[in-house]
Amino acid sequence: MGKKLRVDKLLAHMGHGTRSEIKRAVKLGMVEVDGRVIKDSGLVVDPEAAEVTFDGVPVVYREVVYFMMNKPQGVISATEDGRERTVIDLLEPQDRLRDPFPVGRLDKDTVGLLLLTNDGQLAHELLSPRKHVAKTYEALVSGDVAEEDKQFFKSGVTLDDGYVTMPAELHISSREQRDDGIYSSISLTIMEGKFHQVKRMFEAVGKQVVHLKRVSMGPLKLDELLAEGSYRELSKEEVELLRSHRKSAE
Ligand code: URA
C-alpha cells in the first residue's frame with residue numbers, strides 16, 4: 001500500500017462531514033470501498049488507489065490546502081500576471097506546487113485577509129453571491145464619516161454604475177483632524193463583493209478611502225500575528241469553521 005489513511009479521515013478531508021457524522025453514515029451503509037459496503041469507519045485505505053464512494057458518489061481524493069495570507073500592498077490577487085507580482089509569487093515553492101488560488105480579489109493596494117486554497121468547491125461557495133458571506137474591512141477614510149452615513153449604508157447606496165448596495169453595517173471608530181482635513185477610521189461589513197465595492201460606497205457618500213484592510217471573511221478572522229506579506233496554513237478549527245459555515249448557509 002502507498003499512502004495510508006483512515007476512511008473517516010479521508011471523507012472528512014474531502015468535506016463529507018465531521019468524523020462523527022461520517023461514522024453515522026458508515027453505520028447506515030452509505031460508504032463503500034472497492035465495491036463493498038464497509039462497517040468500520042476506521043478502516044485504513046490507500047487514498048490514491050482505493051475506490052471510495054459516499055452515498056453512491058465516487059470520492060476523488062485530493063490533498064486540499066488552505067492558507068491564510070495577510071496580503072501586502074503592491075501585489076495582485078491573481079494566480080498569474082505577465083507584469084505584476086501576484087499573491088502566488090509570495091508562496092514557498094512547495095506550497096505553490098499544490099496549485100492554490102486566491103478566493104476572491106483584493107485590490108492591489110488593499111491589505112489583509114486573503115484565503116488561498118485548491119478547494120474549488122469551498123471557494124465557489126464562499127464567493128457565491130447567493131450565500132451572502134459577510135466581509136469586514138477596516139479603513140481610513142478622508143472625510144468626516146458621520147452618523148448619517150451609517151444610515152445610508154444600512155439602507156443601501158447607489159454606486160457609480162447605478163447598482164444599489166445591500167444593507168451594510170458601518171462602525172465609526174475615531175475621527176482625526178489633520179492639516180488637510182478630517183480623517184475617519186471605520187469598519188464596514190458588507191455581504192457582497194462588487195468590484196472596488198468599499199471604495200465606491202464611500203465615493204457614493206462623497207468620501208475617499210485612503211487605506212483599506214480586510215479583517216474577516218465569513219467565520220475566518222485575520223490572524224493579527226501574521227505580518228503583511230506572510231501566510232500560514234489554516235488550523236483544523238478554522239477549516240472546520242469554514243466548512244460548518246458553508247453548511248449553515250445552505
Ligand atoms: N472593496 C474595495 O474597494 N477594494 C477591495 O480590495 C475590497 C473591497
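Reader: In strand S9, which residue is the bridge partner of Phe101?

Author: This is a predicted model, and in it strand S8, residues 101-102, runs antiparallel to S9 and is joined to S9 by 2 bridges. Phe101 belongs to one of these pairings, and its bridge partner in S9 is Thr117.

Reader: How many residues of S9 are buried?

Author: Residues count as buried when their relative accessible area is under 20%. Strand S9, residues 111-117, is mostly covered, and the number of its residues that are buried is 7 of 7.

Reader: In which sense, parallel or antiparallel, do S9 and S13 pair?

Author: Strand S13 spans residues 208-217 and holds Lys213, which is the bridge partner of Val111. S9 and S13 are joined over 2 bridges, and the sense of their pairing is parallel.

Reader: Is Lys213 buried or exposed, and what is its relative accessible area?

Author: Leaving aside neighbours within four places in sequence, Lys213 is in contact with Thr110, Val111, Gly112, Thr136, Tyr137, Glu138, Leu222 and Glu224. The cut-off for a buried residue is a relative accessible area under 20%. Lys213 therefore counts as buried, with a relative accessible area of 18%.

Reader: With which residue does the side chain of Lys213 make a polar contact of 3.3 Å?

Author: The contacts of Lys213 beyond its neighbours within four places in sequence include Leu222 and Glu224. A polar contact of 3.3 Å joins two side chains, that of Lys213 and that of Glu224.

Reader: Which domain is made of two segments, 66-129 and 219-249?

Author: The chain is divided into domain 1 (5-59), domain 2 and domain 3 (134-217). The C-alpha centres of domain 1 and domain 3 lie 47 Å apart. The segments 66-129 and 219-249 belong to domain 2.

Reader: Which residue has a side chain with an N or O atom 2.7 Å from a nitrogen atom of the ligand?

Author: The residues around the ligand are Leu106, Asp107, Thr110, Tyr137, His196, Gln197, Val198, Lys199 and Leu212. A polar backbone atom of Val198 is 3.1 Å from a nitrogen atom of the ligand, and a polar backbone atom of Lys199 is 3.1 Å from an oxygen atom of the ligand. The side chain with an N or O atom 2.7 Å from a ligand nitrogen is that of Asp107.

Reader: How much of the area that the ligand exposes when taken alone does the protein bury?

Author: The ligand has a nitrogen atom 2.7 Å from the side chain of Asp107. Taken alone the ligand exposes 240 Å², and the share of that area buried by the protein is 96%.

Reader: Which helix gives the most to the shell around the ligand?

Author: Gln197, Val198 and Lys199 are among the residues around the ligand, and these residues are also buried in H6. The helix that gives the most to the shell, with 3 residues, covers residues 197-204 and is H6.

Reader: Against which elements do the buried residues of H6 pack?

Author: H6 is mostly covered, with 6 of its 8 residues buried, and these are Gln197, Val198, Lys199, Arg200, Met201 and Phe202. H6 is followed by Gly206, whose phi is positive, near 75°. The elements that the buried residues of H6 pack against are strand S10 (135-142), helix H5 (147-155), strand S11 (169-178), strand S12 (181-190) and S13.

Reader: How many residues lie between S11 and S12 in their hairpin?

Author: S11 and S12 pair in the antiparallel sense over 9 bridges, and in S12 the bridge partner of Arg178 is Gly181. The two strands form a hairpin, and the number of residues between them is 2.

Reader: Why is one side of S3 and of S6 left without a neighbour in the sheet?

Author: An open sheet of 4 strands has the order S3-S2-S5-S6, with antiparallel pairing. Strand S3 (36-37) and strand S6 (57-58) stand at the edges, so one side of each is left without a neighbour, because each has a single partner strand.

Notes. Residues are numbered from 1 along each chain as its sequence is written. This is a predicted model: local features need pLDDT of at least 70, side-chain atom pairs count only at pLDDT 80 or more; totals for chains, interfaces and linings use all residues. Side-chain values use heavy atoms; hydrogens and water are left out. Buried means under 20% relative accessible area, exposed over 50%, partly exposed in between (1.4 Å probe, protein chains only). A polar contact is a pair of N or O atoms within 3.5 Å; within protein, one must be able to donate a hydrogen and the other to accept it, and residues adjacent in sequence count only if both atoms are side-chain atoms. Contact means heavy atoms within 4.5 Å. Domain bounds come from an automatic or database domain assignment. Two strands pair if DSSP finds at least two bridges between them. A residue is near a molecule or strand if one of its heavy atoms lies within 4 Å of it. Accessible areas come from the Shrake-Rupley method with a 1.4 Å probe; for residues, only the protein chains shown count as cover.
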